[in-house]
Amino acid sequence: MLIRKAQPQDAGTIARFQQAMAWETENLQLDNTVLHQGVQAVFDDPSKGIYYVAEQEGNIVASLLTTFEWSDWRNGTVLWIQSVYVSREFRQQGVYSAMYSHIRRIVEQNDQLKGIRLYADKSNQTAQLVYQKAGMTADHYLLYEWLK
């Protein structure tokens, strides 16, 4: 399996994955135009984040997005993992673990990167187990949000 930075030509696949994830996890149908524009915005402006994909035999089977949080406490950047999607037929095969290991190596090799965070829906026990198996721990913070 190859883990690599996504390229602009991967945007359509990433958008399809995000549409599938929204439906699977929240029974939500995303607006395709807005979604495609949102994915493309990351490629147009790398300060928004970086997509990574997992390839098996030349086919993209998973993707995730890393975004950046400045930490004044650590004088560095914490990467947030977002928008994780693994194709159904490749789940339970270590794909996320491979992608997480790739991101972790990037953080370990860069003194300006201070750690990795992600959030998971409280009801998504499967995802929580996957993250724990990869070596992540639930922290002591609660996430609050307001979304328009």
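I began with helix α3 and listed its buried residues: Val95, Tyr96, Met99, Tyr100, His102, Ile103 and Val107. They cover an arc of only 155° around the axis, so I place them on the same side of α3. I keep in mind that this is a predicted model.

Next I asked myself what covers the buried residues of α3. I found that the cover includes strands β1 (2-5), β2 (50-56), β3 (59-71), β4 (76-86) and β5 (113-118), along with helix α4 (125-133).

I also checked the length of α3. With 14 residues (95-108) at 1.5 Å a residue, the helix should span 20 Å, and its end C-alpha atoms are 20 Å apart, which agrees.

Then I turned to β4. I see that 9 of its 11 residues are buried, so the strand is largely enclosed by the rest of the structure.

Which way do β3 and β4 run, parallel or antiparallel? They are antiparallel, and I noted 9 bridges joining them.

Taken together, β4, α3 and β5 make a right-handed β-α-β unit.

Last, I looked up salt bridges. How many does a search of the whole structure find? The search gives 7, and I followed up several.

- Glutamate 69 forms a salt bridge with arginine 117, with 2.9 Å between the closest N and O atoms. This pair links distant parts of the chain, since glutamate 69 sits in β3 and arginine 117 in β5, 48 residues apart. Arginine 117 counts as buried at 18% relative accessibility, while glutamate 69, at 26%, counts as partly exposed.
- Aspartate 45 and lysine 48 meet through their side chains at 3.2 Å, N to O, in a salt bridge. I have aspartate 45 as partly exposed at 28% relative accessibility, and lysine 48 as partly exposed at 42%.
- Arginine 104 is partly exposed at 39% relative accessibility, and glutamate 108 is exposed, with a relative accessible area of 52%.
- I also noted a network: Arg4, Asp10 and Glu55 are joined by salt bridges that share partners.

Note on methods
Residues numbered from 1 in each chain as written. Predicted model: local features only at pLDDT ≥ 70, side-chain atom pairs only at ≥ 80, totals over all residues. Heavy atoms only, no water. Helix = DSSP H or I, 4+ residues; strand = E, 2+ residues; numbered from the N terminus. Expected span 1.5 Å × (residues − 1). Buried < 20%, exposed > 50% of the residue type's maximum accessible area, 1.4 Å probe, protein only. Arc of directions from axis to C-beta. Contact = heavy atoms within 4.5 Å. Pairing = 2+ DSSP bridges. Right-handed = clockwise from strand over helix to strand, strands pointing away. Salt bridge = Lys/Arg side-chain N within 4 Å of Asp/Glu carboxyl O.
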